[in-house]
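Hi there,

Here is the structure I promised to pass on. Have a look at it first, and my notes on what turned up follow below.

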Amino acid sequence: MSLALLCGVGSVFGFVVLWITLKHDGIDRSFCPLIHRVGPVILTHYAAVECSRATEIAGMAREIWAHPTLKGAFPKETSQEFEFEVIFDPKKDPGYRPWGTSRAVVNLSGAELYLAYPGQDVGTRSFKGTIAEELHHVCRFLRQGDEKQIFKFNWEDGNDGVLLYYTLNPPELEALRFVVEVTGDRANLLKEVEGYLERRVGSTVRILQ
């Protein structure tokens, strides 16, 4: 076994042990007393996440915040600082923007295993996709406040529910398109959603005719 592979296996094993320990023995949900700044990013994070790790992730957010597409669509909004929170909590979603705030929250639980594995581009791309989605939502919030969702997704709705969620909520579809452009993540989902949207529009046109 090569040294690189051995180190990679050791790294994954270490994070597996960490994840199991945190999940079953409790997670330190207190916040690091330090407030870090990474460019326009005002970073806070759980004590369960090392400062260096949280700062690295904030660097990803800074790059996405400076992306030409986001700056072109939201020039005023992306000139501002924004709050960014990194947590580790198996009970919470991968990423979200708390209602009524311009704070983006991303969750390392689960994603950490992928990010730790050498050459695991899929995991990193997916995690960056989560960051991109939430930052797009932050920009929309800074521009016009919270927006009511026409259709809320329920896991029991399955694939049809996912398609309806994106086709009936334009802000979510915009965010999905941004995710695909910036990270390449969820490209197949976007293709499926746009195909579904075309079929719905086509059906409506036929009915009107």
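**Salt bridges and a buried threonine**

Asp146 counts as partly exposed, because its relative accessibility is 25%. Please keep in mind that this is a predicted model. The partner of Asp146 is Arg97, and the closest N and O atoms of this salt bridge are 2.6 Å apart. Asp146 sits in the loop between helix 5 and helix 6 (158-168), while Arg97 sits in the loop between strand 4 (95-96) and strand 5 (103-107), so the bridge ties together parts that are 49 residues apart in sequence. Arg97 itself is buried, at 18% relative accessible area.

Glu77 pairs with Arg143, with 3.4 Å between the closest N and O atoms. That pair links distant parts of the chain, 66 residues apart: Glu77 is in the loop between helix 3 and strand 3, and Arg143 is in helix 5 (residues 121-144). Glu77 is buried at 5% relative accessibility, whereas Arg143 is partly exposed at 42%.

The other one joins Glu56 to Arg53, at 2.8 Å between the closest N and O atoms. These two are three residues apart in helix 2 (residues 51-65), so about one helical turn separates them.

Finally, Thr78 lies in the loop between helix 3 (68-73) and strand 3 (82-87) and is buried, with 5% relative accessibility. Its side chain reaches the backbone oxygen of Phe74 at 2.7 Å. Beyond its neighbours within four places in sequence, Thr78 is in contact with Trp65, Leu70, Lys71 and Cys139.

Best wishes

Definitions and conventions: Residues numbered from 1 in each chain as written. Predicted model: local features only at pLDDT ≥ 70, side-chain atom pairs only at ≥ 80, totals over all residues. Heavy atoms only, no water. Helix = DSSP H or I, 4+ residues; strand = E, 2+ residues; numbered from the N terminus. Buried < 20%, exposed > 50% of the residue type's maximum accessible area, 1.4 Å probe, protein only. Polar contact = N/O pair within 3.5 Å; in protein donor to acceptor, adjacent residues only side chain to side chain. Contact = heavy atoms within 4.5 Å. Salt bridge = Lys/Arg side-chain N within 4 Å of Asp/Glu carboxyl O.
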